[in-house]
Amino acid sequence: MRLKALLFPILLLVSFSAYAQTDPQPLPFSVSGTVVDAETGRPLQYVGVSFTGLKYATVTNTDGVFTLKSAVEPKSVDFTLLGYKTVRVMFPKDGKQITVEMPRGSLTLEGALVIADPYSVLDKAISKIRDNYPKYPEMFDCFYRETVQKRHRYIYITEAVSRMYKSSYYHTGVYADKCAVDKSRILVSPDKKDTLSVKIVGGPAQAVLLDIVKNDDLLNARELSNYELKMELPEIIGDRLQFAIRLIPRGDQPYPLYNGIIYIDRETFAFTRFELDFDMSDKNKVTHYILLSKPAGLRFTPTQVSNFNRAEVIHIILCQV
């Protein structure tokens, strides 16, 4: 069961202009646009985009482009990205596309702040999980993407809007959490040669197991003993100073370990964000773990399996088939 909860749906890294079926009941309020660096004008990817006070969220693609929809009329839109200041803009009621410029955050450190032991910081954050985790159930609106890449082309994409019920931390495990799909749509390559029967672990319902803090499959002494911890320079997330602790795999387990960074709020010691990549030094381990089935003779090689877990659930799997 180790790592079962950390296998991910797949984030599309390119934009498609058509879908095999349309949304029968489209959400009536939407905003689209591009997010760029305020100084260079460079498009910013993986920017968190959310409606203020509502539980609708998405991220920008590799071109900095986003589209976000809601069932109720929002007042404003928030944009967050590691190392940048949070930006809030009014919801454009005219439906026009917007361009959002994000300025880089200025990192200020306390004069007496000296961080030498990432182990003690992580231990303290783990000890404060009960204080920082929501004590009451919550309902979220989630967006899910899954893609398949054949060589350098994306040949399949499915999207779903789902409702997720998250129980409080005081429930036993993640299995009290639930997920229901409201709407879905799919795009399949018209080329018959692209028709594949590859199945990997994923799906919208998998998100109920993606609560890294609640599931406790990584944040425990036995599992963390497989890693060397290294303190990186502090970062800014949402205008708040964060500890940044890098995980470096050093153990040899039958399942893939991680490379990545854990971000912890400097004041509350709450886990803010996880950026985790499977260690690809043994691709056979990764393949065995994420691949459910494939046609005989088909070569399936994962090139990147990542988890960007923050307020919205964002995941990436890149593979070659």
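Is R240 buried, exposed or partly exposed? R240 counts as partly exposed, at 33% relative accessibility. The classes are buried for under 20% relative accessible area, exposed for over 50%, and partly exposed in between (1.4 Å probe, protein chains only).

## Basis of the model

This is a predicted model, in which local features need pLDDT of at least 70 and side-chain atom pairs count only at pLDDT 80 or more, while totals for chains, interfaces and linings use all residues. Residues are numbered from 1 along each chain as its sequence is written, and side-chain values use heavy atoms, with hydrogens and water left out.

## Overall composition

The protein has 18 strands and five helices. Both element types are DSSP runs numbered from the N terminus: helices are H or I with at least four residues, strands are E with at least two. Of its 321 residues, 49% count as buried.

Among contacts (heavy atoms within 4.5 Å) with a separation of 6 or more, 61% are between residues 24 or more positions apart.

## A four-stranded sheet

An open sheet is formed by four strands in the order β3-β2-β5-β6, with antiparallel pairing. Two strands pair if DSSP finds at least two bridges between them. The edges are β3 (57-59) and β6, each of which pairs on one side only. From one strand to the next, the twist averages 20°; axes are lines fitted to C-alpha atoms, for helices over the stretch in contact, and angles run from 0 to 180 degrees between N-to-C directions.

The antiparallel strands β5 and β6 are joined by four bridges. D78 has R88 in β6 as its bridge partner.

## Salt bridges

The structure holds 11 salt bridges, each defined as a side-chain nitrogen of Lys or Arg within 4 Å of a carboxyl oxygen of Asp or Glu. One of them joins E73 and K93, with an N to O distance of 3.5 Å. E73 is in the loop between β4 (65-70) and β5 (76-80), and K93 is in the loop between β6 (87-90) and β7 (98-102), 20 residues apart. E73 is partly exposed at 41% relative accessibility, whereas K93 is exposed at 68%.

Another salt bridge pairs R240 with E267 (3.5 Å, N to O). R240 lies in strand β13 (residues 240-249) and E267 in the loop between β14 (258-265) and β15 (271-278), so this pair ties together parts that are 27 residues apart in sequence. E267 is exposed, with a relative accessible area of 65%.

## The K166, D177 and K214 network

Salt bridges with shared partners join K166, D177 and K214 into one network. Between K166 and D177 the N to O distance is 2.6 Å. K166 belongs to strand β9 (residues 153-166) and D177 to the loop between β9 and β10 (178-188), so the pair connects parts that are 11 residues apart in sequence. K166 is buried at 9% relative accessible area, and D177 is buried at 4%.

S167, in the loop between β9 and β10, is buried with a relative accessible area of 2%. Its side chain makes a polar contact of 2.8 Å with that of D177 and one of 2.7 Å with that of K214. A polar contact is a pair of N or O atoms within 3.5 Å; within protein, one must be able to donate a hydrogen and the other to accept it, and residues adjacent in sequence count only if both atoms are side-chain atoms. Neighbours within four places in sequence aside, S167 is in contact with Y133, P137, A176, D177 and K214.
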